[in-house]
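Keep the structure open beside you as you read.

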Amino acid sequence: MIEASAPPGARVRLSELVAALSLGVDLGFGQPMEHVLRQCLIALRLADRIGLGDDERSVVYYTALLVNVGCHSDAHEQAKWFGDDIALRSGKYDYEARSLRAAAASLRLVGSGNPPLRRFRIGLELVLSGHRDFDGMIAQHAAMARTLAQQLGLSEAVQESSAAAYEQWDGRGWPGALKGDQIPIASRLAQLAEYVEVAHRLGGIDAARTLAVRRAGTQFDPELVAVLTADAGEVLGALDSARTWDAVIDAEPSLGVTLSGDDFDRALLAIADFVDLKSPYTLGHARTVARVAGDAAAQMGLGEDGTRLVRRAGLVHDLGRLGVSNSIWDKPGPLGAGEWERVRMHPYLTERMLHQSFALAPLAAIAVQHRERMDGSGYPRGLSGGGISVHARILAAADAYEAMCETRPYRSAMTPEVAAAQLRAEARAGRLDGEAVSAVLAAAGHRVGRGERPAGLTAREVDVLRLLARGLTSKEIAAQLVISPKTARNHIEHIYAKIGVSSRVAAGLFAVQHGLLPDDPGAGPEAPRR
């Protein structure tokens, strides 16, 4: 029960929040949960053996937890070309980076899930123009990890190490600016630990040792490899038998960061925005749901604590989306039975990511119910009536309303009026709680304006930025705005220069954080996939 869990004002360690997020990163790479946690333990054990102090160990700790956190940010593009973005990323550990075998494995996935002729056309388009989506992609992942580290208030050293996490000892990594001892020690430790964890889990100590030795002097620091191989049994021992979550949280270096109040809210918001980058169709969704649900909770008299609890649950309610491929989320047509089963799992995945933390467990208990319906027709557990908490009923109505007002790949956005009518119909049919629906609609009717345009953007540049953030190409933007493709490209270049970014993903994050994504106009039929 929510009431038996941590109170809304409980303090949470930043390590718990980042560790919870890492479980979603595991899913996004097709790895079992706690892969990242185990790599963190390996990195810390190696750090101890080379004599790093508490300050340096803290950098290692957070770098190891954040190393791949930016890799879902262009999942839309990955799925566009390769079908299943999670399947693509899961191949990371099968071959050496930049090798012909790695390139061949990726090419075999081009157009996956499509008929042969369609696959051929996708491959041809990839050769002719798709490379633009992938130029600097891995370096962009590192840059996004640094951005999140900064937004979470982590040190400059953690930010620098996160940005260098894909550099290689021989200088052939990403972005390719550092080599050898120029690479921060935390980056070198995190990368070695990441690959060694997978090799050890699949093949034991001998496999881990063999991998490390084979890549020493190219991908990995040879001195760190020597430290690992000299004491591999101790470094890799008891990884499977230990309670990994507790071990990682307990291993946080002294003076760990503790969050409460507004700091906790800001950290949750940063992570919510980051997770919503997974698809251009969900940019800003969590922050909007959280605001509306929180306002509705206040109107329903839940008090300060209850309102805060609902708002925070709104920020985390879709973390489990990381575990479902964008080939499903961004699919323009109807879903197959197997695809639906994966969608139905995502609230459960959110719960799994959050429930081990005493301070986050109350949010998990609400978030896991946000797709349940009063008549028992929802998921993941088919709860009904009194089995669904009032907090979750509010969140369910807010999520449904906001999703209707947003564009999806299979339908246009509904106008607020049409969405409100649909929401009331859901209440009359007994699927959504009537009181919660009324409160959500009242809350949605009192939104504030978006304010002045940031970074000196013109009105036309804001129009272009909104479409760019939604994943449209310059040609598609030109068609929407009735301008030439060249003019659209010029606008995009000016936008990038003004806001200081160089990719669609970073521009989308800027648009979210500056309130530049109002509900899209248009109307379309209701669809249960949100």
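From Trp-174 to Pro-175 the peptide bond is cis, with omega near 0°, and Pro-175 belongs to the loop between helix 9 (156-163) and helix 10 (185-215). While we are in the loops, turn to Glu-34, located between helix 1 (14-28) and helix 2 (35-49). Glu-34 is not a glycine, yet its phi is positive, at about 85°.

Now go back to helix 20 and see what it packs against. Helix 16 (residues 303-316) meets helix 20 (residues 390-404) at an angle of about 50°, and the two axes lie 10 Å apart. With that angle, helix 16 is oblique to helix 20. The crossing of helix 16 over helix 20 is right-handed. On the helix 16 side the contact is made by Gly-306, Leu-309, Val-310, Ala-313 and Gly-314, and on the helix 20 side by His-391, Ile-394 and Leu-395. Sorted by class, this contact of helix 16 with helix 20 holds 5 nonpolar, 3 polar and no charged residues.

Helix 20 also packs with helix 21 (residues 416-428), here at an angle of about 140° with the axes 9 Å apart. Helix 20 passes helix 21 in a right-handed crossing. From helix 20 come Ala-397, Ala-400, Tyr-401 and Met-404, which meet Pro-416, Ala-419, Ala-420, Gln-422 and Leu-423 of helix 21. The contact between helix 20 and helix 21 is made up of 8 nonpolar residues, 1 polar and no charged.

Which residue partners Arg-311 in a salt bridge? The side chain of Arg-311 meets that of Asp-265, at 3.6 Å from N to O. This pair ties together distant parts of the chain, with Arg-311 in helix 16 and Asp-265 in helix 14 (residues 261-276), 46 residues apart. In total the count comes to 33 salt bridges.

For another helix pair, move to helix 3 (residues 54-66) and helix 10, whose axes come within 9 Å and cross at roughly 45°. Helix 3 and helix 10 are therefore oblique to each other, and their crossing is right-handed. Val-59, Val-60, Thr-63 and Ala-64 of helix 3 make the contact with Ala-186, Ser-187, Leu-189 and Ala-190 of helix 10. By class, the contact of helix 3 with helix 10 has 6 nonpolar, 2 polar and no charged residues.

Finally, how far does the predictor's confidence reach? The protein chain averages a pLDDT of 91, and 94% of the residues score at least 70. Over residues 446-451, though, the pLDDT is below 50, and this stretch has 9 contacts in the model beyond near neighbours in sequence. Residues 519-527 also have a pLDDT below 50, with 26 contacts beyond near neighbours in sequence. Where pLDDT is low, the predicted coordinates should not be read in detail.

Notes. Residues are numbered from 1 along each chain as its sequence is written. This is a predicted model: local features need pLDDT of at least 70, side-chain atom pairs count only at pLDDT 80 or more; totals for chains, interfaces and linings use all residues. Side-chain values use heavy atoms; hydrogens and water are left out. Axes are lines fitted to C-alpha atoms, for helices over the stretch in contact, and angles run from 0 to 180 degrees between N-to-C directions. Helices (H or I, at least four residues) and strands (E, at least two) are DSSP runs, numbered from the N terminus. Angles under 35 degrees count as roughly parallel, over 145 as roughly antiparallel, 65 to 115 as roughly perpendicular and the rest as oblique. A crossing is left-handed if the near helix is turned anticlockwise from the far one by less than a right angle, and right-handed if clockwise. Contact means heavy atoms within 4.5 Å. Ala, Val, Leu, Ile, Met, Phe, Trp, Tyr, Cys and Pro count as nonpolar, Asp, Glu, Lys and Arg as charged, and the others, Gly among them, as polar. pLDDT is the predictor's confidence in each residue, from 0 to 100. A salt bridge is a side-chain nitrogen of Lys or Arg within 4 Å of a carboxyl oxygen of Asp or Glu.
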